[in-house]
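Please look over the structure shown here.

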Amino acid sequence: GCLRDPCAVIDLQNALNDVDAQVRFRVLIALGQIFEHESTEPPVWHRLLPANLEARLSNKALPPSHVSIAEDTLRSIAQCLEDSVTSVRSGAARALRLIGPPATAVISDLVRALADADSAVRLSVIEAISAIAPPSRHAISSLLDMYIDSDSYIRWHITLALVSMLRASLPASDGPAIDRLFLLPDDHPDTLIQEVRMFLTR
């Protein structure tokens, strides 16, 4: 459907520049819920907004859930991946994960964010990349480069993401072979990297 009042989303985008990091975080999650891909849950994004922002929007026809997202809105969310506040960077990744495949236009921003110094942000970015299928070879290669991450929890989520992305891009007949990546020992990352690169050369 179309936005009944694009100004409502513009106001939310503008709020991403608010000096209060908590406001920026809440607006990111709200935008993610508004444009959530194939959600089966009723939207509750309006409950996330601070009272002053909700009041500003109260007289506007807010967008229905599951509308298409404009590229400038995506760019505004992606820019928050470089925010100085950790929770905001993580919130940007979470919003893009909710949006899913329509966020393909900013996959390169997510790939750059894989180098974030905070492990919680890196985890949110990995989950976002995994949700934005079909994956690019660049994204898969970037995840492989990250597999040496010292955090075993991060490595496990990289494995989950790689399996998801490979299954989305390769024939179903490769499914059992791809799933065997889960059985590879965590303390031998080179083995997993070699196996994934083998899939990529097919």
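How are α7 and α8 oriented to each other, roughly parallel or roughly antiparallel?

## Helices α7 and α8

The axes of α7 and α8 cross at roughly 150 degrees and come within 11 Å. Axes here are lines fitted to C-alpha atoms, for helices over the stretch in contact, and angles run from 0 to 180 degrees between N-to-C directions. The two helices, α7 and α8, are therefore roughly antiparallel to each other. The cut-offs are these: under 35 degrees is roughly parallel, over 145 roughly antiparallel, 65 to 115 roughly perpendicular, and the rest oblique.

The α7 and α8 crossing is left-handed. That term applies if the near helix is turned anticlockwise from the far one by less than a right angle; clockwise is right-handed. From α7, the residues R122, I126 and I129 meet A139, L143 and M146 of α8. The residues of this α7 and α8 contact divide into 5 nonpolar, no polar and 1 charged. Nonpolar covers Ala, Val, Leu, Ile, Met, Phe, Trp, Tyr, Cys and Pro; charged covers Asp, Glu, Lys and Arg; the others, Gly among them, are polar.

## Basis of the model

This is a predicted model, in which local features need pLDDT of at least 70 and side-chain atom pairs count only at pLDDT 80 or more, while totals for chains, interfaces and linings use all residues. Residues are numbered from 1 along each chain as its sequence is written, and side-chain values use heavy atoms, with hydrogens and water left out.

## Overall fold

The protein chain has 11 helices and 0 strands. Helices (H or I, at least four residues) and strands (E, at least two) are DSSP runs, numbered from the N terminus. Along the sequence the pattern reads α-α-α-α-α-α-α-α-α-α-α.

Of the 202 residues in the protein chain, 48% count as buried. Buried means under 20% relative accessible area, exposed means over 50%, and partly exposed lies in between (1.4 Å probe, protein chains only). Take the contacts in the protein chain between residues at least 6 apart in sequence: 65% of them join residues at least 24 apart. Contact means heavy atoms within 4.5 Å.

## Helices α8 and α9

Helix α8 spans residues 137–146. The axes of α8 and α9 come within 10 Å and cross at roughly 155 degrees. That makes α8 roughly antiparallel to α9. The crossing of α8 and α9 is left-handed.

On the α8 side, A139, I140, L143, L144 and M146 take part. They meet I154, I158, A161, L162, M165 and L166 in α9. The residues of this α8 and α9 contact divide into 11 nonpolar, no polar and no charged.

## Helices α5 and α7

Helix α5 (residues 86–99) and helix α7 (residues 119–131) have axes that come within 8 Å and cross at roughly 15 degrees. That makes α5 roughly parallel to α7. The crossing of α5 and α7 is left-handed.

From α5, the contact uses T86, R89, S90, A93, R94 and R97. From α7, the contact uses A120, V121, S124, V125, E127, A128 and A131. The residues of the α5 and α7 contact divide into 6 nonpolar, 3 polar and 4 charged.

## The nonpolar core

The largest nonpolar core has 57 residues. Such a core is a set of buried Ala, Val, Leu, Ile, Met, Phe, Trp, Tyr and Cys residues joined through side-chain atoms within 4.5 Å. Its largest share, 7 residues, comes from helix α9 (residues 152–169).

Inside this core, I77, L96, L110, I129 and L143 have the most contacts. Leaving aside neighbours within four places in sequence, I77 is in contact with L16, L28, L31, I69, A92, A95, L96 and I99.

V85 sits in the loop between α4 (71–79) and α5. At 26% relative accessibility, V85 counts as partly exposed. Beyond neighbours within four places in sequence, V85 is in contact with A21 and R24. V85 and A21 are 64 residues apart along the chain, yet their C-alpha atoms are separated by 6.9 Å.

W156 lies in helix α9. With 40% relative accessibility, W156 counts as partly exposed. W156 and F182 are 26 residues apart in sequence and 8.7 Å apart in space, C-alpha to C-alpha.

Q194 belongs to helix α11 (residues 189–200). At 58% relative accessibility, Q194 counts as exposed.
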